[in-house]
Amino acid sequence: WGKSELGPEKFNAGDEAAALKKCLELMGYEDKLVVAGLSYGGFLIQVFAHQYPELVSGMVLIDPMNVFFVDEFGLENLNAVTPYFENPVDDSQRAGNRMVDHFSESIRLIRGKLLPAGIPAILLTAGIFPLEPELWRDCHRKLVAGSENHRMVIAEGNHHDIVQENPDLVIETITELIDQIR
């Protein structure tokens with residue numbers, strides 16, 4: 001969603017994780033990473049941590065999309081509320097369409113897998129979520145249930161875009177995780 005080139009049209013979450021790994025290596029970052037992601041970005045760091053667990057020291061998942069929610073809410077229902085552009089005019093819209101087009105394939109990459117138990121993770125979940133809020137929160141609980149290294153924090157009073165609404169909470173959470181890892 002940034003200002004980087006869009007890349008190939010066929011590009012699922014596994015491809016995105018591999019591209020992130022390559023970019024980080026080119027910048028000299030090859031291990032001890034603390035990764036953070038919001039929404040689909042939170043889903044991408046789940047894929048990244050499964051593909052490259054040796055690189056990841058910790059994860060901050062910010063109201064992340066996840067397999068549990070997709071399976072329980074239904075991919076068709078999710079696609080019905082996800083923007084899709086019939087005639088995309090910019091790379092952001094093309095990237096959004098690509099995400100939707102390859103999402104079922106991306107979900108299969110980590111279906112049946114919890115977060116890696118050995119990687120500390122903090123999940124921030126929205127206090128206010130517009131789609132099936134109890135289901136959303138329950139799916140987040142399931143996501144962190146696999147290890148004592150994982151926990152969930154409810155961002156009371158915040159909607160899905162916790163990063164914009166409560167940047168202090170996000171920074172405090174990342175700092176807390178880094179302190180925990182040290």
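A: A salt bridge is counted here when a side-chain nitrogen of Lys or Arg lies within 4 Å of a carboxyl oxygen of Asp or Glu. The model is predicted, so local features need pLDDT of at least 70 and side-chain atom pairs pLDDT 80 or more, while totals for chains, interfaces and linings use all residues. Residues are numbered from 1 along each chain as its sequence is written, and side-chain values use heavy atoms, with hydrogens and water left out.

The whole structure holds seven salt bridges. One of them joins the side chains of Glu25 and Lys21, with 2.5 Å from N to O. Both residues belong to helix H1, four residues apart, or about one turn of the helix. Helices are DSSP runs (H or I, at least four residues) numbered from the N terminus.

Helix H1 (residues 13-26) also packs against helix H2 (residues 40-51): their axes, lines fitted to C-alpha atoms over the stretch in contact, come within 9 Å and cross at roughly 75°. Angles run from 0 to 180 degrees between N-to-C directions, and 65 to 115 degrees counts as roughly perpendicular; H1 and H2 are therefore roughly perpendicular to each other. Contact means heavy atoms within 4.5 Å. On the H1 side, the contact includes Lys21, along with Glu16, Leu20 and Leu24 among others, while H2 contributes Tyr40, Phe43, Leu44, Val47, Phe48 and Gln51. By class, this contact has 10 nonpolar, two polar and two charged residues. The nonpolar class is Ala, Val, Leu, Ile, Met, Phe, Trp, Tyr, Cys and Pro; Asp, Glu, Lys and Arg are charged, and the others, Gly among them, are polar.

The open space can be described in a similar way. On a 1 Å grid over the protein atoms alone, a pocket is an open set of points where a 1.4 Å probe fits, with protein on both sides within 12 Å along at least five of seven lines; its lining residues have an atom within 4 Å of a point. Of its 18 lining residues, Ser39, Met65, Leu78, Thr82 and Met99 are closest to the centre. Its lining has 14 nonpolar, four polar and no charged residues, and helix H4 gives the most, with three residues.

Definitions and conventions. Helix = DSSP H or I, 4+ residues; strand = E, 2+ residues; numbered from the N terminus. Parallel < 35°, antiparallel > 145°, perpendicular 65-115°, else oblique.
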